[in-house]
Amino acid sequence: MLRIIVMDDEIQALKLYKNAFSLRPYPTSEELEAKASAQSSAAHLSSDANSLDVSYCNNSMDTVDQVKQSVASENPYAVAFLDIRMEGQEDGVWVAEQIR
């Protein structure tokens, strides 16, 4: 499973990310497994091969906290999408420095 964290202070931007990550232009794990089973009983595909675990934050401190918690629990995020310009709070550059 690929873990992703997204930080943006604009709700509309977070909605766009949610829409983008919810699109499934590729077959689901179940569809792949059904196809593999039909072709060969020896084929094996992980049921979470195409899974995404996406967290959304609208402020910098919550993002840093979530990333630190994920590392502490030994289940870190693989990718972070960070808003570079955040109104009235630390920006994405600061967050990147904190989670490095």
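Thr63 has its place in helix 3, where helices (H or I, at least four residues) and strands (E, at least two) are DSSP runs numbered from the N terminus. The model is a predicted one, in which local features need pLDDT of at least 70 and side-chain atom pairs count only at pLDDT 80 or more, while totals for chains, interfaces and linings use all residues. Residues are numbered from 1 along each chain as its sequence is written, and side-chain values use heavy atoms, with hydrogens and water left out.

Thr63 is buried, with a relative accessible area of 0%; here buried means under 20% relative accessible area, exposed means over 50%, and partly exposed lies in between (1.4 Å probe, protein chains only). Leaving aside neighbours within four places in sequence, Thr63 is in contact with Ile5, Met7, Cys57, Leu82 and Val95, where contact means heavy atoms within 4.5 Å.

**The sheet and its helices**

Three strands form an open sheet with the order 2-1-3 and parallel pairing, and two strands count as paired if DSSP finds at least two bridges between them. The edge strands are strand 2 and strand 3, each of which pairs on one side only. Neighbouring strands of this sheet are turned by 15 degrees against each other on average, direction ignored. Strand 1 and strand 2 run parallel and are joined by six bridges, and Met7 has Cys57 in strand 2 as its bridge partner.

Helix 3 lies across strand 1, strand 2 and strand 3, and runs at about 160 degrees to strand 1. Helix 4 (residues 92-99) lies across strand 1 and strand 3, and runs at about 155 degrees to strand 3. For these angles, axes are lines fitted to C-alpha atoms, for helices over the stretch in contact, and the angles run from 0 to 180 degrees between N-to-C directions.

Val54 is found in strand 2 and, not counting residues up to four places away in sequence, touches Ile4, Val6 and Phe21. Val54 and Tyr77 are 23 residues apart in sequence, and their C-alpha atoms are 8.9 Å apart in space.

**A salt bridge**

A search of the whole structure finds one salt bridge, a term that stands for a side-chain nitrogen of Lys or Arg within 4 Å of a carboxyl oxygen of Asp or Glu. The side chains of Asp53 and Arg3 meet in a salt bridge at 3.0 Å, N to O. Asp53 lies in strand 2 (residues 52-57) and Arg3 in strand 1 (residues 2-7), so the pair ties together parts that are 50 residues apart in sequence. Side chains of opposite charge can pair when their charged atoms come close.

**Exposure and the surface**

| Residue | Relative accessible area | Class |
|---|---|---|
| Arg3 | 12% | buried |
| Asp53 | 25% | partly exposed |
| Glu74 | 72% | exposed |
| Phe81 | 31% | partly exposed |

Glu74 is found in the loop between helix 3 (60-72) and strand 3, and the phi of Glu74 is near 60 degrees, a positive value in a residue other than glycine. Most residues other than glycine have a negative phi.

Phe81 has its place in strand 3 (residues 79-82). Together with Leu2, Leu52 and Val79, Phe81 forms a nonpolar patch on the surface, with about 270 Å² of accessible area together. Patches are made of residues with over 30% relative accessible area and no salt bridge, with like charges joined within 9 Å and nonpolar side chains (Val, Leu, Ile, Met, Phe, Trp, Tyr) within 5 Å. Accessible areas come from the Shrake-Rupley method with a 1.4 Å probe, and for residues only the protein chains shown count as cover.
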